Amino acid sequence: MYWMQNFLSVHWQLSILLAPSELQKDEAEDMQSEQEETIMPPPLEDPELNINHPYYDVARHGIIQLAGDDNSGRKVITFSCCRMPPSHQLNHTRLLEYLKYTLDQYVENDYTIVYFHYGLKSLNKPSLKWLQTAYKEFDRKYKKNLKALYVVHPTNFIKILWNIFKPLISHKFGKKITYLNYLSDLREHLKYDQLNIPQEVIRHDENLRQKHKGKLPPVVKIPPPRPPLPTQQFGVSLKYIKDKNKGELIPPVMKETVSYLKRKGLQVEGLFRRSASIQTIKDVQKLYNQGKSVNFDDYHDIHVPAVILKTFLRELPQPLLTFECYDHVLGITSVESSLRVTRCKQIIQGLPEHNYIVLKYLICFLHMVSQESIYNRMTASSLACVFGLNLIWPSKGTASLSALVPLNLFTELLIDFYTNIFNSRTVPGEILP
Ligand SMILES: *[C@@H]1O[C@H](CO)[C@@H](O)[C@H](O)[C@H]1NC(C)=O
C-alpha cells in the first residue's frame, strides 16, 4: 500500500502544478460563495438526537442523513458538505468513524450515496490526507454494496480529485459514479421529495439555473400529478386500492408478492437486501398500475418481487404505521426493556383498522421469513433494518440517523414478538391456528 500513498501524493502535487488555474478558479468560486453567505446557517439541531449517542459530537451537524429507498430498492445515504462546520470545529477522524458506523448498519444491503458538494470551502475542507485515509479505509465490504454514488453540483475541485483517484479506483467502481449538475437530475434516480436536501443547496441550485439561463435546455417541468388510474396500485392510499378491488383489504401487490416469496423466496440468502434492475421495477409497477397481471417467473430474479413489495410500502402516500404513530414509535427506546413489547402492542392497537390488518399480514410474513434465517440469514433484526424506513417515516423531511435506532427496534420487536403483539385482534379472513 505504501507505493500507493506515495503515488497519490506525487500525483496530487502534479495536479496542482498542472492545473493551477483551475484550482485558483475553484478557490475564487469558494471565496465568492463565502461572501455570498456571510451568515452561516445555524447548526442543524436534530431533535431526535440523544446526547448519549456515541457520535453525538459529529452526528449533531446532520452531515450524514438517511432517506428512504431509491428507485431500485436501495438504501439512500446523503452527505452534505455545506453542513460541515469549519475544520477546527470538527474532528475529521471522528467524522470518518461515524460514516463507517452508519454504513455498518447497511453494508450488507445494497445502498446509494448522494453527495452534495456545494458548501465545501477552504474553511471546512478536509485535508487530502484525510481523503486518502477515507478511501483506504473503505475496504471491500463498503464498496461492494455501494451501487451508486451521485455527486451533485461537482466543481473543478472534484474533477481534479477524480483525476488523482482514478488510477486507484477500479473500473467497476468508477462506473458507479454519476455527476449531476442540477438537483432536478436526481429525480430520475430516487424519490426526490423524500430526500433531506439542505436549503443552501437548493438556493445554490436556483442560482446556477439563473446564471445558465439560455444556455440550458429548458427545465423539464414535472408534469402535474395525473389523477390515478382506476387500476392504480402504487402511490395511492390503502382505501383507494380497497375501493377499486371489491373491498379486498389486502392490496393485490402485497398479496401477490408475499405469496410468491413464500413459495420461492423463504430460503434465499439475503432476501430483501438486494436491489433489482430499475427498468424491471418500473415495468412491473406499470403493469400493476394498468391492472395487468404480473408473472414473477418471467423475470428470473427473486429480488424483483422483494423490491416491489418494499417499493409498494414506500410509495404509500402515508406510511403503513401512519404519521400519527411516528412520535410514539420514536419513544420506544425510552421505555424500559421489559415493557417494550407491551408498549408496541399498545401503539399497534391505536392504528386504524385497515392499517392494522395490512400490517398484521405483512409482519406475519416477515416473521415467517425470520424463522428461516438459518438459510436466508435474515433475522428479525436484519429485516427490521430493511423494512423500518419503509413502514414509517415522518410527515416532513426524512428520518434522521438517530431516529433509525428506535424505528428499527420497533420493527424488530413487531417481527420477533409477532404472535404476542398481534394476538388480541383477529382480522377478517384470518385462518386461526
Ligand atoms: C479526533 O478523534 C480521534 C479518534 O476518535 C482521537 O484519537 C483524536 O484525539 C481526536 N482529535 C482531536 C484534536 O480531538
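Author: Happy to! One term to begin with: a residue counts as buried if 20 or more other C-beta atoms lie within 10 Å of its own, and as exposed if 12 or fewer do. Also, keep in mind that this is a predicted model.

Reader: Got it. Which residues are buried in α12 then?

Author: I281, V284, Q285 and Y288 are the buried ones in α12. Looking down the axis of α12, they fall within an arc of 100°, so they line one face of the helix.

Reader: Why would residues a few places apart point the same way?

Author: An α-helix has 3.6 residues a turn, so residues three or four places apart point the same way.

Reader: Nice. And what's exposed on the other side of α12?

Author: Q279 and K286 are exposed there.

Reader: What do the buried residues of α12 pack against?

Author: They pack against two helices, α11 (252–264) and α13 (303–314).

Reader: Let's switch to those two. At what angle do α11 and α13 pack?

Author: The angle is about 150°, and their axes are 9 Å apart. The crossing of α11 past α13 is left-handed.

Reader: Which residues meet there?

Author: From α11 you have V253, M254, T257, V258, Y260 and L261, and they meet P305, A306, I308, L309 and F312 of α13. Of the residues in this contact, ten are nonpolar, one is polar and none is charged.

How values were computed
Residues are numbered from 1 along each chain as its sequence is written. This is a predicted model: local features need pLDDT of at least 70, side-chain atom pairs count only at pLDDT 80 or more; totals for chains, interfaces and linings use all residues. Helices (H or I, at least four residues) and strands (E, at least two) are DSSP runs, numbered from the N terminus. The arc is that of the directions from the helix axis to the C-beta atoms. Two residues are in contact if their C-beta atoms, placed from the backbone, lie within 7 Å. Axes are lines fitted to C-alpha atoms, for helices over the stretch in contact, and angles run from 0 to 180 degrees between N-to-C directions. A crossing is left-handed if the near helix is turned anticlockwise from the far one by less than a right angle, and right-handed if clockwise. Ala, Val, Leu, Ile, Met, Phe, Trp, Tyr, Cys and Pro count as nonpolar, Asp, Glu, Lys and Arg as charged, and the others, Gly among them, as polar.
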